[in-house]
Amino acid sequence: MKTMPLPIPPGRLPLLQGVRAAAGPLPPGGPPRPLTVQRLVNTTGRVMVARQPLLIGYAHRGKTVNVIVEDTHFRVVHNGTELAVFPRTSDKPVTRIKAWPSRQSREPRQESLEDGPSSKS
């Protein structure tokens, strides 16, 4: 949580409906929880988190696993079972939270009449 500046000029504040003054400061936040991301294990048994490849194993191909991102480690969990713990070797930020299936696993699109050979080839 953080405090944001109010984008309304002070002269317009009395015109707002249902506004009340704050009773006091915001309560302190709890301890920060580690970030959890989801990844789809690829056909070679790997996932990528923060540009760091993690080898989960061939037995887990195609599964969606949760990776708990901590300061010094990545913990890989599937259905409540911890599969592996990896040391964090990169200091890159985690920018993707959800896993998406690869394009090969999606349904192929229907062919159209324009899908013939190109006249330029």
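**Strands, salt bridges and a surface patch**

Biologist: How much accessible area do Leu6, Leu13, Leu16 and Val19 have together in their nonpolar patch on the surface?
Modeller: A patch is made of residues with over 30% relative accessible area and no salt bridge, where like charges are joined within 9 Å and nonpolar side chains (Val, Leu, Ile, Met, Phe, Trp, Tyr) within 5 Å. Accessible areas come from the Shrake-Rupley method with a 1.4 Å probe, and for residues only the protein chains shown count as cover. For the patch of Leu6, Leu13, Leu16 and Val19, the accessible area together is about 340 Å².

Biologist: From which number are the residues counted along each chain?
Modeller: This is a predicted model, in which local features need pLDDT of at least 70, side-chain atom pairs count only at pLDDT 80 or more, and totals for chains, interfaces and linings use all residues. Side-chain values use heavy atoms, with hydrogens and water left out, and residues are numbered along each chain, as its sequence is written, from 1.

Biologist: Is Val19 buried or exposed?
Modeller: Val19 lies in the segment before β1. Buried means under 20% relative accessible area, exposed over 50%, and partly exposed in between (1.4 Å probe, protein chains only). With 53% relative accessibility, Val19 therefore counts as exposed.

Biologist: How many strands does the chain hold?
Modeller: Helices (H or I, at least four residues) and strands (E, at least two) are DSSP runs, numbered from the N terminus. The chain has zero helices. Its elements run β-β-β-β-β-β from the N terminus on, and the number of strands is six.

Biologist: Which residues are linked with Arg75 in a network of salt bridges?
Modeller: A salt bridge is a side-chain nitrogen of Lys or Arg within 4 Å of a carboxyl oxygen of Asp or Glu, and the structure holds two. Arg75 meets Glu70 at 3.2 Å, N to O, and in its salt bridge with Glu82 the closest N and O atoms are 3.5 Å apart. Glu70 is partly exposed at 26% relative accessible area, Arg75 at 27% and Glu82 at 45%. The network links Arg75 with Glu70 and Glu82.

Biologist: Which residues does His60 touch, not counting those up to four places away in sequence?
Modeller: His60 lies in the loop between β3 (52-55) and β4, and its relative accessibility of 16% makes it count as buried. Contact means heavy atoms within 4.5 Å. Leaving aside residues up to four places away in sequence, His60 touches Val41 and Leu83.

Biologist: What share of the residues in the chain is buried?
Modeller: The chain exposes about 10600 Å², of which carbon and sulfur atoms supply 55%. Of the 121 residues in the chain, the buried share is 20%.
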